[in-house]
Amino acid sequence: MSKLACYFSKNTLLLTLTLEEKLKATNFTVPTDAVATKARVIITGHGAEGGEGCAEFCAKKMYIKQNGTQLGEQLVWKDDCGSNAIPAQPGTWVYNRGNWCPGEKIRNYDYMLNVTSGSTHSVDLDMEPFSTSGEASYNISMQLIHYKANSFENDAAVEDIISPSKNYL
């Protein structure tokens, strides 16, 4: 990995704005030594208002676009909070949420972008409609990760096991 650039990171406290009014397409230029670029999106919903319980307790779709063409679609939702690895927490840990559960790692979503070195592109996140009076929000972060060619060669092999594990399948 040659470069990790934080594309944007916002707590989209929306007040009377819609998500789409906050999420605008942004241009970026691929470094000249990059051979691949990946967009990593991390998004979580927090707070609940309205009939749907958005943003924390409702499932909404997120869309990622490159140069105006949709690359991916993801439901921003975690539906297994009740089977959390840290059971019996106080509070509302059993309720499913907008891509997070108390005590668990947040999932990120990775998308390989179709780019060439030195080229300029736009990237855009869109969401299903959602408005709020300011009590609910989405935390959204997108990073562009640029990879350059390997500068080494590996010729590795396991030659001997010095101390075998006692954990058998």
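Here is a quick briefing on the fold, one hairpin and the disulfides of this protein.

This is a predicted model, so local features need pLDDT of at least 70 and side-chain atom pairs count only at pLDDT 80 or more, while totals for chains, interfaces and linings use all residues. Residues are numbered from 1 along each chain as its sequence is written, and side-chain values use heavy atoms, with hydrogens and water left out. In outline, the protein has one helix and ten strands, and two disulfides.

**Overall fold**
- Going along the sequence, the order of elements is β-α-β-β-β-β-β-β-β-β-β. Helices (H or I, at least four residues) and strands (E, at least two) are DSSP runs, numbered from the N terminus.
- Of the 169 residues, 40% are buried (under 20% relative accessible area, with exposed being over 50% and partly exposed in between; 1.4 Å probe, protein chains only).
- Take the contacts (heavy atoms within 4.5 Å) between residues at least 6 apart in sequence: 71% of them join residues at least 24 apart.
- The accessible surface is about 10,200 Å², and carbon and sulfur atoms account for 51% of that. Areas come from the Shrake-Rupley method with a 1.4 Å probe, and for residues only the protein chains shown count as cover.

- Strand E6 (residues 60–66) pairs with strand E7 (residues 69–76) in the antiparallel sense, over seven bridges. Pairing here takes at least two DSSP bridges between the strands.
- Lys 65 has Gln 70 in E7 as its bridge partner.
- Two residues sit between E6 and E7 in this hairpin, and Asn 67 in the turn has a positive phi of about 50°.

**Disulfide Cys 54–Cys 58**
- These two cysteines form a disulfide with sulfur atoms 1.9 Å apart; the cut-off for calling one is a pair of cysteine sulfur atoms within 2.5 Å.
- The link between Cys 54 and Cys 58 is right-handed, with 115° about the S-S bond.
- Cys 54 counts as buried because its relative accessibility is 1%, and Cys 58 is buried too, with a relative accessible area of 5%.

**Disulfide Cys 81–Cys 101**
- Cys 81 is joined to Cys 101, S to S 1.9 Å, and this link is left-handed, with -85° about the S-S bond.
- The pair links distant parts of the chain, 20 residues apart: Cys 81 and Cys 101 both lie in the loop between E7 and strand E8 (108–113).
- Cys 81 and Cys 101 are both buried.
- Number the bonded cysteines in sequence order and the pairing reads 1-2, 3-4.
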